[in-house]
Amino acid sequence: MEPIAVIEGTAVPLDRSDVDTDQIIPAQHLKRIERSGFGPFLFDEWRKDPDFVLNDPRYEGASILIAGANFGSGSSREHAPWALEDYGFKAVIAPSFADIFRNNCFKIGLLPVEVRAESARALMDAVLDDPTTRIVVDLPNRAVRAPGLDETFDIDEFTHWRLTEGLDDIGLSLRNEEKISRFEATRPGWMPTA
Amino acid sequence: MNTVTKTLAEKVWERHVVHRADGEPDLLYVDLHLVHEVTSPQAFESLRLHGRTVRRPELTVATMDHNVPTTDGPVTDEISARQMQALQANAEEFGVTLYPWGAAGQGIVHVIGPEMGYTQPGMTIVCGDSHTSTHGAFGALAFGIGTSEVEHVLATQTLPQHAAKTMAVTVDGELPDGVGAKDIILGIINRIGTGGGVGHVIEYRGSAIRALSMEGRMTICNMSIEGGARAGMVAPDDTTFAYVEGRAHAPTGADWEAALDEWRTLPSDPDAMFDAEVEVDAARLKPYVSWGTNPAQSVTIEEAVPGPDAFDEASKRDAAARALAYMDLTPGTPIRDIRPDTIFLGSCTNSRIEDLRLAAGIVRGRRVASGLRAMVVPGSVAVKVQAEREGLDRVFSEAGFDWRGAGCSMCLGMNPDILGPGERSASTSNRNFEGRQGKGGRTHLVSPAVAAATAVLGRFGTPDELPAVEVV
């Protein structure tokens, strides 16, 4: 994974709460066995509406998505963050995220940025009002900055370190190989096996 | 977390910590990794690219469920076929046990785990599927993961996990007639909202939960994710042990006794503290029907479709207005006046033998209303075989239901079983998201009892409204 530092760019305002992963990428597009190529199907159904915000040319080239609360609810499909990343987003800002979606984002280096509801609203309004508004997501300093807004966001120490260093999660766990083997030796023999 | 007394979730968690260090997530050991064809191909591919192997193939169990047709073959969708073939090839290459399409043992991953006895109390169970919470019904800590995490578990048999909060949902009292497990969980989600459980492992407790069968407990734990929870659990008890005993992968003899000794230590300590508590009066629950496009947007069947102004928060009003437009519903319409085109009885929420028995009992000797499409999709080949042994297939067929093969089917419409644009379903599945069952399709989530009664009535209703069956 590439290390993440500062993400700066314009943003798309998706002013809806509870956006589920079935909307981010509908199930009929989950049949690919490749890791790439999901971007064209991002918000596939909603994009058929010419008034949908992703079809608004004023928001072309944005690298940040701003959304309502509980973004990414529902299915565990990692295809949802893959599609967002493939489309060109590097960060999603929302008042809250569904747990599995947030985990999946952290795994691939798409940054989920949880800010206070008032700040998310202020950013949403700023971008709705002026699509050229530039937003800075500063991961090393855990900060989000935009005209008239400067605040910090929470991210646990371990994930922060892993993302800023661009480290492979599996490699990190395998540093504990000995401990894994020791644990395995203590498992009762009656536990189920295939 | 409380260090002296512990909840069920904390006990299972603590017993699986492989590595713990300040400022790091705990590294948890995974006892069982369930795999299906949709969320695994990229994980296996990445293992190959990195020259890694599956650490414990014997703790990994794969099946095909999301894509599979529920009619006799062949698989007509080439891309679906490619995904199924990929799983077959990956299972062979990495030595993973696979229950392929049509084989004995195949079925929805959350149905086959419990029925073969792979799912046992106190285990950690993961799967690249959000409804993995189902297995929590046995007092296992079970949760859905993404494909990167699938790869992580394949390679290491562990997963780094940040501490979870705990939530007790206590359902006390006696359920009224005609109200079941599905109504309990729809009622809970209606109350806590789709994000109410975020960050929490829910433990369902109370006399109404204790009185449920394992099938009912699975229905409840299954939909924990619909309330945003990381997992849902029920403490194991004699009902649990009776279900597990004798199953193919359950311990036997002295091992069984050793397992019981271990499992009996799992329930939350009497004075264990939870981070959040919710109490539900079972006696006041009624059958629920969803009217919107998320599982919290529901009312009881006695009520009418609400308008956006019924909600205090602006975001909820916006969501309601959008949902009403998508669902083509007018506020004030009694739920009983809504007429679906399709009845879907199936999914990892409600496709077990008990669900099929209950629905068959309601439609026995009756007919599906004219113009309605009705289908039953058993959760597994084993459920299908059992139902056929009991003659339930004939009951359904004679009533006008289509009797299908096992799979996820219309729950998410990855196979040919889908709603057409504008079609409306009464569905025993778990999600009513826009387009979930097919582009433009409109889903109403209900219990198997309401689905069966609705099939006969041609509008949403309950079994007590059905005219008596004439005995010939």
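## Helix packing and chain contact in a predicted model

In this predicted model, helix α6(B) passes helix α8(B) in a right-handed crossing. The α6 helix of chain B spans residues 181-192, and the α8 helix of chain B spans residues 214-222. Two packed helices are described by the angle between their axes and the distance between the axes. Here the axes come within 8 Å and cross at roughly 25°. Angles under 35 degrees count as roughly parallel, and α6(B) and α8(B) are therefore roughly parallel to each other.

On the side of α6(B), the contact is made by B:Ala181, B:Lys182, B:Ile184 and B:Ile185; on the side of α8(B), by B:Gly216, B:Thr219 and B:Ile220.

The two chains also touch each other, with 47 residues from chain A and 67 residues from chain B taking part. On the side of chain A, the elements that give two or more residues are α1 (21-24), α3, α5 (157-165), α6 (169-174) and α7 (177-186). Among them, α3(A) provides the largest share, six residues.

The table sets out the residue classes of both contacts.

| Contact | Nonpolar | Polar | Charged |
|---|---|---|---|
| α6(B) with α8(B) | four residues | two residues | one residue |

Helix α3 of chain A, residues 99-108, is mostly covered, as nine of its 10 residues are buried. The buried residues include A:Ile100, A:Phe101, A:Cys105 and A:Phe106, together with the charged A:Asp99, A:Arg102 and A:Lys107. After α3(A) comes A:Gly109, which has a positive phi near 85°.

Note on methods:
Residues are numbered from 1 along each chain as its sequence is written. Chains are lettered from A and ligands numbered from 1 in the order in which they are written. This is a predicted model: local features need pLDDT of at least 70, side-chain atom pairs count only at pLDDT 80 or more; totals for chains, interfaces and linings use all residues. Axes are lines fitted to C-alpha atoms, for helices over the stretch in contact, and angles run from 0 to 180 degrees between N-to-C directions. Helices (H or I, at least four residues) and strands (E, at least two) are DSSP runs, numbered from the N terminus. Angles under 35 degrees count as roughly parallel, over 145 as roughly antiparallel, 65 to 115 as roughly perpendicular and the rest as oblique. A crossing is left-handed if the near helix is turned anticlockwise from the far one by less than a right angle, and right-handed if clockwise. Two residues are in contact if their C-beta atoms, placed from the backbone, lie within 7 Å. A residue is buried if 20 or more other C-beta atoms lie within 10 Å of its own, exposed if 12 or fewer, and partly exposed in between; C-beta atoms are placed from the backbone.
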